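Me: Can you walk me through this one? I have the sequence and the fold open, and I'll ask as I go.
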Amino acid sequence: MKNQFDIIVVGAGHAGIEAALSSARLGANTLVVTTNLERIGFMSCNPAIGGLAKGHMVREIDALGGEMGVATDESCIQFKRLNATKGPAVRGSRAQCDKDLYVSHMIKVFKDQKNLSLLQGEAKSLIISGSKCLGIKIQDGSEIFAKKVIITTGTFMNAVMHVGLEQQAGGRVGDNATVGLSDQLKSFGFNVFRLKTGTPPRLLRDSIDYSVMTPQPGDQKFYPFSFKSGKNYKLPQVDCHLSHTTELTHEIIRKNLDKSPIYCGMIEGTGPRYCPSIEDKVTRFAEKIRHQTFLEPEGLSTDHIYLQGISTSLPADVQDQFIRTIRGLENVKFARYGYAVEYDFIEPTQIRPTLETRAIDNLYLAGQINGTSGYEEAAAQGFMAGVNAAQSLMDKDPVVLRRDQAYIGVLIDDLVTKGTKEPYRMFTSRAEHRLVLREDNTTDRLLDLGRDIGLITSEDFDRVSLIREKRNVQRNYLRTTAIYPNKDTNEKLIALGTQEILKPTTLDTLLRRAEISIEKISAMGHNLDLDPEVLEPVEIEIKYEGYIKRQKELIEQSSRLETYRLEESMDYSKVRGLSVEEMEKLLKVKPLTIGQAQRISGVNPSAIQAILIHIKGRKKIHQLETNN
Amino acid sequence: MLNYKVEDTICAIATPSGHGGISVVRICGPRTLEVSRKLINLPIDIESHKAYLLSVNSVDQTKQIDEALVTYFGQGKSYTNDETLEISCHGSPVIAEEIIQNLILAGCRLAQKGEFTFRAFMSGRIDLLQAESILTLIQSDTKKAAEVSLRQLKGELSEKVKEMQDKMTWLLAHLEASIDFSLEDLQTVDYETIKIKTEEIYKLNKKLLDTYKKGKVITDSMNVVLVGEPNAGKSSLFNQLIKNDKAIVTEIAGTTRDILESYVIIGGVKVKFIDTAGLHDTKDAVEIIGIQKTRDQLKDADHIFYIVDATQDKPILDIEILEKYSDKIVFLSNKKDLPKFKENFTHVIGKKVDNQVFLVSAKIPETLDEVVLYLENQIKQAFHESSAVVLKTRQFELLDKMNQCLERAKNLSSENASSEFTAFELRDALECCFDLLGERLDDQVMNKVFQEFCIGK
């Protein structure tokens, strides 16, 4: 094997895949080093991709040229549009996936990808000279050099698995921990902290009594994650099932809390507040008499069932007891017990918005190593790290998405600006401009950028352009076509369940009525394209025009501060009027714009004012000096 | 854009220009003591909040400028929060100016408008509403204005805004949870609660918003408009009310064609009495303009004194005015001194009214005492203790924007619309709170607020 590459990606989880593919597709000679080549894109936890705000990110990755959306569509065995009854900006897509098919899709894509080499092995340390990363050293001591190194080791750094009070080194059942890397980063001054996460038991399908559970079917209508996918399901669709814990379940858990590594203090890492273990739920919501659990099949050809909502690290014998108190699981057999993982993460305020570390040049970090949770958050970072590493090699400008442009922009800005103290999960409420960051307008927001970066082919681009053109036609038709208050029209309107009109009305005005849809207008005899890809964004933009307009005005207002650039080298100790805390935070985060500085928690508006005054003062002095 | 450099040590004369008992020179900034020592032999262990009688000399130590009382305020203990020194010198502008010149020679910079208050804001000692109250306090020329401004400085208005801010934050957190955690069987807030809570915040804000009218009374004046038929006796009552002969009083109807105004102080508030052209049908172009002006005045009036000649058999009343402004009309049944005067007002106008009626005559000044007392009580009621008042247009505009957002949020929640839109409105309203308190950076707003100040404050 040759030992010189453009880019090395350490890890082949959801972050590593996107990092490796985007860099290889941009022409960089890329090597992926992973401890297990059989498990590329393995879903360590739940067998699902997407969800509220996460579905948005999968579509964004897809519109920019990533792989996650395609793989999800290929392996989807149940699809749901979540929050379907709520407004258009907070709907999210989620797919249950066949875990094995997801992995085999990724392995195939990796094997077919030009410029991409694979190596099974463990990265033991980084080769660092001065403040530059030059490559990695693997377990046999051999060195591999590269211009850029992207670390995507997920939960594997110094990972310890806990089942009850028993511990075992490892990042996931069946895989070893990565030891050494985080100590080396610590020695370079990185702040490294610990987080924990947990996973529920996997049960054997045939030992479950589904007859007492509520079936949870998926949606009839499929909205593929990838704009490249067809509109039909590729695989047979399956049901999930809903069941509940009982008071007996809670009693057993409470009685055994002293055997939980979290409750007896053996785990120090902070757990995901938004994805609590069943021990947490029983303790925190003591008044609840039952908790829901979804039984999700992990695939079409496996008999493993994922017990969503019951993540636990209690000992096996306790799991044996309390799981069997859940309705329908009285005689259940375990495929694997639930467990918790504790792992190291790097405080993400130490990385730049490009995901390159500030302390070591050419070293990028992406995924759970930066304190996030979730496949989608990881993939988004991996993709951006790969793109930025490759852009930098080609001497091109970095690609940093704005908060008003994509959830991915919100994600990375939050991480590098605010840092995180618990596993960071994306929510729609984190995006202050969410009314314009919808799933339906993803390609409008990002496809041009994807093409400019070079990851969207011109055939794909042209195909979407055609749809956009159809939308324009439809939009114009609705805006310019009027109906008149005559008997025929008003009869049709009443038949559609809406009030009659009293004066000539354009179709877009009519569409703003809550009970009217484009489909209904079409039923009145207007020839409109009813392809959801065409119709949906048009309908949403017209129906919610007022709000979208106001959201855009707010974006416009904030852009003045978002585009006010700050020097990364700014010496905040020289800015008077800052508290010690503010100064320290600014020196740590090194914001690139006034807008970013404003979002650092604990930095007050007066501090921003002080920075502006300081800059103005310096500019004046500079002017005086140049005039003299 | 504000250009106050906070690292500078600044100085200014804090008292009005001209001769007086004393003038106060204020020095503030990190080098306060260092700079002052070049002029004054300050004790090494100078104590905060203690006055010292010391000699103030020129920087080159060639002459003594004055002997003055010097008070030092330590870091964190002054108006600005920065180290401050105040020199109370003899009240000649020459002396204060000479001290300033020497301070500048010693390394001070002359303060810009509002710079001391800006520092107090920057240090977090006061919020933006409090900074504005300092301005209204300085500018106040009546007791009430000073009183209300002082209450605002103590944080009364800020408290109300913060109360709404807290309520909105609570509601937003629950709304967001209902969106982001809709799949987990958590107990999130229901539509009914959202509706009730939104309504509650809306009412709080509306109440605050409505105080702006009172605020106008304080910062400007309370407007009392006198209307009535020609020759009902408006001008003589006006003259009696303002106790001077500003209006021309004649027996010929229709003399007051223009608006006459005059101020008096009642209950600590400036009251502006406005005499108007008599209301009647006329073809005289000049009079028509006068009557139009009268109608315009009525819109902005806080109180309308509708004057009726109670000696007339059937006085003509302007029905439109009576209906439109019923809630602010007080009847003055005039000419009590004449024998034909009818005591029963219902008989005078031929119907019963709910409005307050006073029987008056310009010739018997005591009859007007009750009218003045009435105004005094109105003022007392409006400004009873512990009611926050909106004083500045900026405050009003932001509260008004909030009002619109909350009104829409209220409607959305009763339509059971998706909570993301209610959340949008609440976020927008919350931004207004941040702007009110100066908790969000908007340098243009700050600029406007502090530019209104004079130098030395």
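Me: Strand E4 of chain A, residues 76-82: buried or exposed?
Reply: Mostly covered. Six of the seven residues in E4(A) are buried. Keep in mind that this is a predicted model.

Me: Which strand does E4(A) pair with, and in what sense?
Reply: Strand E5 of chain A, residues 92-97. The pairing is antiparallel, over six bridges.

Me: Staying with sheets in chain A. What is the strand order in the open sheet of four?
Reply: E11-E10-E19-E12, with antiparallel pairing. The edges are E11 (166-169) and E12 (192-199), each pairing on one side only. From one strand to the next, the twist averages 25°.

Me: How many bridges join E10(A) to E11(A)?
Reply: Four, and the two strands run antiparallel. E10(A) covers residues 160-163. Met161(A) stands opposite Gln168(A), which is in E11(A).

Me: New topic: chain B helices. What angle do H13(B) and H14(B) pack at?
Reply: About 165°, with the axes 9 Å apart. H13(B) spans residues 393-414 and H14(B) spans 419-437.

Me: Why call H13(B) and H14(B) roughly antiparallel?
Reply: Angles over 145 degrees count as roughly antiparallel. The angle here is about 165°, so H13(B) and H14(B) qualify. Their crossing is left-handed.

Me: Which residues meet there?
Reply: On the H13(B) side they include Leu398(B), Met402(B), Cys405(B) and Arg408(B). On the H14(B) side, Phe421(B), Glu425(B), Asp428(B) and Cys432(B) are among them. By class, the contact has 11 nonpolar, three polar and five charged residues.

Me: Where is Lys328(B)?
Reply: In the loop between helix H10 (319-324) and strand E11 (329-334) of chain B.

Me: And why is Lys328(B) classed as partly exposed?
Reply: Because 16 other C-beta atoms lie within 10 Å of Lys328(B). Buried would take 20 or more, and exposed 12 or fewer.

Me: What does Lys328(B) touch, leaving out residues up to four places away in sequence?
Reply: Ala301(B), Asp302(B), His303(B) and Ile304(B). As for Gln356(B), its C-alpha is 9.7 Å from that of Lys328(B), and the two are 28 residues apart in sequence.

Me: Last one. How many residues of chain A are in contact with chain B?
Reply: 26, and they meet 26 residues of chain B. Helix H20 of chain A, residues 605-627, gives the most to chain A's side, with nine residues. That side has 12 nonpolar, 11 polar and three charged residues.

Definitions and conventions
Residues numbered from 1 in each chain as written. Chains lettered and ligands numbered in written order. Predicted model: local features only at pLDDT ≥ 70, side-chain atom pairs only at ≥ 80, totals over all residues. Contact = placed C-beta atoms within 7 Å. Nonpolar A, V, L, I, M, F, W, Y, C, P; charged D, E, K, R; others polar. Pairing = 2+ DSSP bridges. Axes fitted to C-alpha atoms, helices over the stretch in contact; angles between N-to-C directions. Parallel < 35°, antiparallel > 145°, perpendicular 65-115°, else oblique. Left-handed = near helix turned anticlockwise from the far one by under 90°.
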